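Please walk through this protein chain with the model open alongside.

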Amino acid sequence: MRVLVTGGAGFIGSHIVEDLLARGLEVAVLDNLATGKRENVPKGVPFFRVDLRDKEGVERAFREFRPTHVSHQAAQASVKVSVEDPVLDFEVNLLGGLNLLEACRQYGVEKLVFASTGGAIYGEVPEGERAEETWPPRPKSPYAASKAAFEHYLSVYGQSYGLKWVSLRYGNVYGPRQDPHGEAGVVAIFAERVLKGLPVTLYARKTPGDEGCVRDYVYVGDVAEAHALALFSLEGIYNVGTGEGHTTREVLMAVAEAAGKAPEVQPAPPRPGDLERSVLSPLKLMAHGWRPKVGFQEGIRLTVDHFRGAV
């Protein structure tokens, strides 16, 4: 098995690359380094600095590496950016994604595993409920809309060209190497700022000063495990989450406890495009043997420890 990982220099992608290498697979990375870091790619792994929007560059990577499988982690991954610049989001996530699909078709790729979004694609998840894969997509941002649209393209390429595919709808993934300045995740942002003694902005769920939005936080190592299962034995759509919801303030308090520092909190209004509550049901994936191994408090501690070494 030869796996090309798009976005493999990024946060989630680099963890997936390490996991696949540990399993003895041949791996190459395609990344434009817009948010990824070259040092995240292990030595000896073929690296193609290519933007997905560069059709010829994508084809060159396929021609040289000849992947049998593709892990598609690259994306314009910010809800905020997608709201501010929906054209950019469309160009990267859909036009770039189609360049990738066409290369898969041209070079006979057997299977593609896609990093979709469970944290945005379902829309608001009512209190007491967990979103299931059977729920219809209700995107509230261009980012979520582009992910939902690409899933439809995957289905079409599967039916028309025989490409096997899996869409993993991630919850809010966090862990070591998450970039608070690029693939901005609240755990990474809080960890860096609390450790540096800087004030922390807490965006509201409804009104400034409340507990903040509710999200399903899943540790990146558990995501890599889910990805490997998808690569080897799954097809279709699967949520990757814990089934537990935590407020933004809960995240901040857990980070503060792990850091041993009390942060200055600056309340702020809700951000455009943000959902109030998003919690996923992982039962479908769990039926295939996957379980989240790293609990919330432990995952926060591991993440803070990583940033402590970087501050």
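S146 lies in helix α6. The model is predicted, and in it S146 has a relative accessibility of 4%, so this residue counts as buried, the cut-off for that class being under 20%. Beyond its neighbours within four places in sequence, S146 is in contact with D89, N93 and L94.

At the level of the whole chain, the domain assignment gives two parts, and each is made of two stretches of sequence: domain 1 takes 2-170 and 217-240, while domain 2 takes 174-215 and 244-308. Their C-alpha centres are 23 Å apart. On the domain 1 side 43 residues are in contact with the other domain, and on the domain 2 side the number is 39. Together the two domains bury about 3,600 Å² between them, with 57% of that area on carbon and sulfur atoms. Three residues stand out in the share of domain 1: F11, Y217 and Y219 supply 26% of the area that domain 1 buries against domain 2, more than any other three residues.

The interface also has a polar side. Across it there are 21 residue pairs in polar contact, counting pairs with both residues at pLDDT 80 or more. The domain 1 face that touches domain 2 draws at least two residues from each of several elements, including the helices α1 (11-22), α3 (79-84), α5 (118-121) and α8 (220-233). Strands β6 (164-170), β10 (217-219) and β11 (236-240) each supply at least two residues as well. By residue type, this face of domain 1 divides into 20 nonpolar, 11 polar and 12 charged residues.

Charged pairs come next. Side chains of opposite charge can pair when their charged atoms come close. The structure holds 21 salt bridges, and the count between domain 1 and domain 2 is four.

How exposed are the two partners, R177 and E18? R177 has a relative accessible area of 23%, so it is partly exposed. E18 is at 37% relative accessibility and therefore also counts as partly exposed. The backbone of R177 has a feature of its own: its phi is positive, about 80°, although the residue is not a glycine.

A second residue with positive phi is L33, where the angle is near 60° and the residue is again other than glycine. L33 is found in the loop between β2 (26-31) and β3 (47-49).

Another salt bridge brings R205 and E127 together, and their closest N and O atoms are 3.0 Å apart. R205 lies in the loop between β8 (200-203) and β9 (214-215), and E127 lies in the loop between α5 and α6 (142-161), so the pair ties together parts that are 78 residues apart in sequence. The relative accessible area of R205 is 22%, which means that R205 is partly exposed. E127, at 55% relative accessibility, counts as exposed, because it passes the cut-off of over 50%.

With a relative accessible area of 25%, E276 is partly exposed.

E127, R205, K206, E276 and R277 are linked in a network of salt bridges.

Technical notes: Residues numbered from 1 in each chain as written. Predicted model: local features only at pLDDT ≥ 70, side-chain atom pairs only at ≥ 80, totals over all residues. Heavy atoms only, no water. Domains from an automatic or database assignment. Contact = heavy atoms within 4.5 Å. Buried area = accessible area lost by both parts, 1.4 Å probe. Salt bridge = Lys/Arg side-chain N within 4 Å of Asp/Glu carboxyl O. Polar contact = N/O pair within 3.5 Å; in protein donor to acceptor, adjacent residues only side chain to side chain. Helix = DSSP H or I, 4+ residues; strand = E, 2+ residues; numbered from the N terminus. Nonpolar A, V, L, I, M, F, W, Y, C, P; charged D, E, K, R; others polar. Buried < 20%, exposed > 50% of the residue type's maximum accessible area, 1.4 Å probe, protein only.
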